[in-house]
Amino acid sequence: MCGIVGIVGSTPVNQGLYDALTVLQHRGQDAAGIVTVADDMFRQRKANGLVRDVFEAKHMCRLKGNLGIGHVRYPTAGSSSAAEAQPFYVNSPYGIALAHNGNLTNARELKLEIMGNGKRHINTSSDSEILLNVLAHELDKQDKSELNAKDLFTAVRSIHQKVRGAYSVAALIIGHGLLAFRDPNGIRPLILGQRTNDAGGQDYMVASESVALDVNGFERVRDLAPGEAIYIHHTGRMFSEQCAEKPQYCPCIFEYVYFSRPDSYLDRISVYGARVHMGEKLGAKIAREWDDLNIDVVIPIPETSCDIALRIAQQLELPYRQGFVKNRYIGRTFIMPGQQIRKKSVRQKLNAIGSEFAGKNVLLVDDSIVRGTTSQQIVQMARDAGANKVYFASAAPEIRFPNVYGIDMPTSNELIAYGREVDEICRLIGADGLIFQDLSDLEEAVREENPDIRTFETSVFTGRYVTEDVDNAYLEYLNELRHDDAKALEGWREEKTMLDLYNEGT
């Protein structure tokens, strides 16, 4: 999962991009980058690390210009080196920089085609660089010194025909402006905002979540439709067009379960509201199926599940307590590369308040269970704090299949629910009882905020992929890229390469 942002303004945009990336930091903590345009030149700063660490005052001073894009990243496969940080750019044609959120499911085929027929070199293992070169190749076909909106939309239309998977994109084209587009299924979010500038004109912004618009004083206009492209000329003129032949609204439901901030709106859905509804649905299920249990208190596993757990407690007429204190200076264990690092970080990240557990039958609530190692440790923490019985509720159904659209959910064999029933999962995490949200209830909980969306991307629960191009061969390919040993080996290779270079230099 990544976060992207683009601004076309009447004044310098460097601070606005920085502020937007700061509030999108939860979407990726591996790397951050900004590209702006000034004097028909790209100004760039990107590196591994958090936004606050990547950008110093000297970098911000160099990021001049009234239009720019930004990106926060975590890797879903392979290398997490600084070379993979976004935005990427190419010098020809025109000069194009691109930031991408999502994952292309036919990246291998596209790479071969673009390097063969397009005579373009791909320098990293990132599918985002492939997407950039596909865009560049399509624009090169126009063979024009000056592009208009129709030319850009023709290029996006060709991309939709060739590219499969999930992609929300913000791209800069020197001498022209900002191009943004969304895949025909609308899997990853992209939101348009505007504000009136001091000259009485309009500044425009696109971002992965509405909260990025809020912090910059932009009004949320609308979500880009699946398959839609918008072009904002550097003078402030905006154009839009539907570029997909058969678009369908199918946003990723996990955005609402886990990834997005509760104060964001995605596809006219309040993330906070969706999570409250999840609590209502799950609370009703617990009341039906666990009416014989003597639960004393409901405790969330912070922070995503707090709103869900509070609603469950209200439904069950039970006390709601904060039983864990979170160290906010430890990153999300879910997106940390390497299982050993994840295991070590859980107790650094959470500490139990003993008085809330001692002698009680507690109901722990989390947004989901992925690998199960974190859940297992948290259950044990509750027992160590003196809990009598520990029950566990998940606001999402059993995650049995890998995600191929930009979420770093591991291979099937690493998922605790793969090939297992609830009783076995319960034993593995060490709980006295385990209950999962039903998929129909999860979908209905999110749909209550926007009844117009009838279908969600739910492949991690069902194994059905909306792009209809994911087979066992592709999942095996992902397995090679994603499993922890592969990531550890990639990191070792990078360290060895750096050591070899150092030794050669000395």
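## The E12–E13 hairpin

Strands E12 and E13 form a hairpin with 4 residues between them, and Gly-236 in the turn has a positive phi of about 105°. Helices (H or I, at least four residues) and strands (E, at least two) are DSSP runs, numbered from the N terminus. E12 covers residues 228–233 and runs antiparallel to E13, to which 5 bridges join it. Two strands count as paired if DSSP finds at least two bridges between them. Glu-228 has Gln-242 in E13 as its bridge partner.

This is a predicted model, in which local features need pLDDT of at least 70, side-chain atom pairs count only at pLDDT 80 or more, and totals for chains, interfaces and linings use all residues. Residues are numbered from 1 along each chain as its sequence is written, and side-chain values use heavy atoms, with hydrogens and water left out.

Axes are lines fitted to C-alpha atoms, for helices over the stretch in contact, and angles run from 0 to 180 degrees between N-to-C directions.

E5 pairs with strand E6 (residues 96–104) in the antiparallel sense over 3 bridges. Leu-98 in E6 is the bridge partner of Phe-88.

## Helices H4 and H5

H5 also packs with helix H4 (residues 107–116), at an angle of about 45° and with the axes 10 Å apart. That makes H4 oblique to H5. Angles under 35 degrees count as roughly parallel, over 145 as roughly antiparallel, 65 to 115 as roughly perpendicular and the rest as oblique. The crossing of H4 and H5 is left-handed; a crossing has this hand if the near helix is turned anticlockwise from the far one by less than a right angle, and is right-handed if clockwise.

In H4, Ala-107, Leu-110, Lys-111 and Ile-114 meet Asp-127, Ile-130, Asn-133, Val-134 and His-137 of H5, where contact means heavy atoms within 4.5 Å. By class, the contact of H4 with H5 has 5 nonpolar, 2 polar and 2 charged residues. Ala, Val, Leu, Ile, Met, Phe, Trp, Tyr, Cys and Pro count as nonpolar, Asp, Glu, Lys and Arg as charged, and the others, Gly among them, as polar.

## The sheet of 7 strands

An open sheet of 7 strands has the order E3-E2-E4-E1-E10-E9-E11, with antiparallel pairing. Strand E3 (41–48) and strand E11 (219–223) are the edge strands, each pairing on one side only. The twist in this sheet averages 15° from one strand to the next.

Within this sheet, strand E1 (residues 3–8) pairs with strand E10 (residues 202–207) in the antiparallel sense over 4 bridges. Ile-7 has Met-205 in E10 as its bridge partner.

Helix H9 (residues 271–289) packs with helix H10 (residues 306–316) at an angle of about 40°, with the axes 7 Å apart. That makes H9 oblique to H10. H9 passes H10 in a right-handed crossing. By class, the contact of H9 with H10 has 10 nonpolar, 3 polar and 4 charged residues.

H9 is also among the elements that cover the buried residues of helix H14, which include helix H8 (254–259), strand E15 (269–270) and helix H15 (459–462). H14 spans residues 439–447, and its buried residues are Asp-441, Leu-442, Glu-443, Ala-445, Val-446 and Arg-447. Buried means under 20% relative accessible area, exposed over 50%, and partly exposed in between (1.4 Å probe, protein chains only).

## Two single residues

Cys-252 lies in the loop between E13 and H8 and is buried, with a relative accessible area of 2%. Not counting residues up to four places away in sequence, Cys-252 touches Ile-187, Arg-188, Ile-407 and Glu-457. The C-alpha atoms of Cys-252 and Thr-458 are separated by 6.6 Å, although the two are 206 residues apart along the chain.

Gln-376 lies in helix H12 (residues 373–384) and counts as partly exposed, at 39% relative accessibility. Leaving aside neighbours within four places in sequence, Gln-376 is in contact with Leu-428 and Ile-429.
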